[in-house]
Every structure is written in C-alpha cells, then in structure tokens.
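My entries follow the display.

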Amino acid sequence: AAPPSAAASGRRFPCEGPHQAGITTQQQAAATFAAFDVIASDRAGLTALFRTLTDRVRALTAGGPVPATDLVSPPADSGLLGGVLPGDGLTVTVGVGASLFDERFGLAARKPAGLTTMPVFPDDHVAGSTELHGDISLQICADSRDTVMHALRDIAKHTRGAMQPVWKADGFLPAPRPDGAPRNQLGFKDGTSQPAVADPRVADALIWTGDAGTGATAWARGGSYQVIRIIRMLVEFWDRVSLQEQETMIGRRRDSGAPLDGTRESDPPDFAADPRGLVTPLDSHIRLANPRTAATAAQRILRRGYSYDRGLDAVGDLDVGLVFCCYQQDVRRQFEAVQHRLAGEPLVDYVQPTGGGYFLALPGFGPGADHLAAGLLA
Ligand SMILES: C=CC1=C(C)c2cc3[nH]c(cc4nc(cc5[nH]c(cc1n2)c(C)c5CCC(=O)O)C(CCC(=O)O)=C4C)c(C)c3C=C
Ligand SMILES: [Fe+2]
C-alpha cells in the first residue's frame, strides 16, 4: 500500500480575490506560522519583496510541474514534493506587523490605527521570549506537512536578502475523534463554537476590516487582524485534575463536547437560564470567552488555531500546546475584550502563553500585475 503522504490532495484554494485565502477557508491539517523582519533597505526593495511574495503564492498554490534545472545550477525547486506540485490545499496568508510602519519605509502615516503591538497580558510568560512580533507574518497551511515545509523553503529562498525569519511555530490539526471539532492537547474538542463566517454579512461584521479605514489607511479594507498566541499546555498537571473539574473549567463535556446544559456538541448553551452559574460556572472558559449576550455579540472572533508538539523541556516535561490564532475586524473590540475577560480564569493554572504577535492580514489581490500590499505601497 502507498504511504499516506503519497496521497497528497489535489484540492486548491484560489489565492486571488478580495480577501486572502486561509482566513475563512476551511482549516487544513498542517500549518506553520512564521514571522520575518524586513531587511530590504528602501521602499523599492519592500515593493519588490511583496511582488515576489505574491508571485510565489500564485505559483505554489496553483501547483503543477516544477521548472526544469540543468545539472550544473542549483535546482529551481527544493524537490521536497517531487516534480509536480500537488496543490494540496495550500494557503499562504501574509500579514504585516506594526513595526513595518516605523521610519524605515516612510509608511508611518499609512498605519491603520487598529494595528498595534501585542502587549504583555496577565499570566503571560514572555520574558526573554524570542518568539514575539515581526514585520511580516506568514500563515502557511496545507493538507500535508511536507507541502507546508516546501512552501516555506520556497518563499524563504526567493525572498532572501529582503526579509529574515525571526521565529516559526509549527502546528497540526488532529483528525476529529470521533467527529465534530478536533481535540486539543487537553483532550477537549476545540473549535466547536465559531461565528458563521460563510455568511458574508457575518464576515463583514466580524472579520474583514471595513469602513473604519479611510484616507491614508483605506488600503487596509478587506484585510483582517490576525492574533497569534503560542500557548503551552501544562499537560502533566492537567492530567492529574478530576474530569469534573476539567469540565467545569472549560464549560463543556470532554467526551461529547456538549455544553454542560446540553447533550450534543452542537447544542448552544443557554447561559440566560443559568444566571448564577449553577450548571455552567460563571468563570468557565466558554462562558467568559462568549457570554452570548447582545452586548458581546460584536466581540466574537474566528479561531483558527493548531496544536503543537515541540518535544521536551529541560526537565523532561512535554512542550506541547496550542498555536492560538484568531481573525477579527478589530483587535481591541474583539480579541482584547475576550482576553481581558479570560484573565484569571481557572484554566490559567494549566496554560502558559509564551509568544506571538498582532498582524494585519493584508487585503486580497487580483489577477495580472496586482500584488499583495499594492494599496499600501501605491
Ligand atoms: C482570547 C481568546 C482565547 C484564548 C487565548 C483561548 C485559549 C484557549 N482555549 C482553549 C480551549 C477551548 N476554548 C474553547 C472555546 C473558546 N475559546 C475562545 C477564546 C480563547 N481561547 C472562544 C471565543 C471560544 C468559543 C466560546 C463559545 O462561543 O462558546 C473551547 C470549547 C470548544 C469550542 O467552542 O471551541 C475549548 C475546549 C485552550 C486550551 C486555550 C489555551 C491553551
Ligand atoms: Fe478557548
């Protein structure tokens, strides 16, 4: 029998359109989040960088035969995927960080007000972290791990001299067990409750940057703010907690994923019927994250996180967790409102945020000469 990797999927997500792929598109099995600092020396170099990035995104997501190379030259392609790139559900989502708008490229006036530097939140463990912020973020996702690595190597090679990798976090999305949302490293289904972004009215209200961007920042319309948080899970401690306590911390049953007042994963919790939190504690994760009130409806976020496994730490504990990633129209109104409510929740004893950053996933690009960040650099 052929090994599973030989069955790389032929599915393709179009990379051109008003919004970048990899945000509201279906989540793939493998991901890399990478941050880069721009080392191009001027605005022309920065423009060339975004043109190159766009060309590579087009070529990689389209798939097809790799260019032939003569024997005396370095090969045009790493060869990781053989002679024909499979498509494999690849998406490459490019974001920019607040630091890109410093004095280097004369872009300060074009920085959207909503693009800030991720602050240190209570219970963060980021002192000395080398995995914070960046000028540019790449979220590379595909149906198989080797396709993600191939895309990263291709992009890094073609952009060498213009941007420099500063950190990278790899993630995987486990298969649903047995169905519904995949399970995180705590054993709970994660990703059950999401805004219905397939409805364009929902996506326009919650995900895409819209009319707030006017004048010098109008270029940002159609993008989406991306928040990345690398969150370690202290699974050795978690595994010693009773199932009842785990479930009251999360607010859902572990095995079925159902809310504590329901029976199926898809049942919506009814917090209004439980005002004192006798069934679903007021400080449970899902109740704080989404109280399901009219006042908090506009704070909903689209989560697109991946599990990670980075081996062992210095004392032999598992270094596993979640590359939390979410998209939203407004970081302060959405992610930060949720994050502030979660501060001090019982779950904080079992998780340690160690890195990440805020980025603006750029608006999409059209065919022909159009390219990523064309509006920003015009
Ligand atoms: C600030 C935003 C959030 C962070 C950070 C976060 C970390 C985090 N979450 C889990 C596990 C689960 N989260 C679940 C739901 C959930 N989480 C957030 C936000 C953050 N989580 C939201 C908005 C929601 C949805 C709430 C709702 O609408 O009901 C769940 C339940 C299943 C689900 O709906 O996805 C789990 C489990 C961990 C372990 C974690 C840090 C490592
Ligand atoms: Fe959560």
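Below are my notes, taken topic by topic.

**Ground rules.** I am working with a predicted model, where local features need pLDDT of at least 70, side-chain atom pairs count only at pLDDT 80 or more, and totals for chains, interfaces and linings use all residues. Residues are numbered from 1 along each chain as its sequence is written, with chains lettered from A and ligands numbered from 1 in the order in which they are written.

**Overall fold.** I counted 8 helices and 11 strands in the protein chain. Helices (H or I, at least four residues) and strands (E, at least two) are DSSP runs, numbered from the N terminus. The radius of gyration is 21 Å, close to the 21 Å that the globule rule gives for 378 residues, so the chain is as compact as a globular protein of that length. The radius is taken over C-alpha atoms, and the rule is 2.2 Å times the number of residues to the power 0.38. Along the principal axes, the C-alpha atoms fill a box of roughly 70 × 60 × 40 Å.

**Helix pair.** I looked up α1 (residues 43-62) against α2 (residues 145-158): their axes come within 10 Å and cross at roughly 150°. Axes are lines fitted to C-alpha atoms, for helices over the stretch in contact, and angles run from 0 to 180 degrees between N-to-C directions. The two helices are therefore roughly antiparallel, a label for angles over 145 degrees. On the α1 side I listed T52, L53, R56 and L60, which meet A151, D154, I155 and H158 of α2; contact takes C-beta atoms, placed from the backbone, within 7 Å. This contact divides into 4 nonpolar, 2 polar and 2 charged residues.

I found a cis peptide bond between R177 and P178, with omega about -5°. P178 lies in the loop between β6 (163-172) and α3 (200-206). D123 is not a glycine, yet its phi is positive, about 75°. I placed D123 in the loop between β4 (91-96) and β5 (136-142).

Methods: Parallel < 35°, antiparallel > 145°, perpendicular 65-115°, else oblique. Contact = placed C-beta atoms within 7 Å. Nonpolar A, V, L, I, M, F, W, Y, C, P; charged D, E, K, R; others polar.
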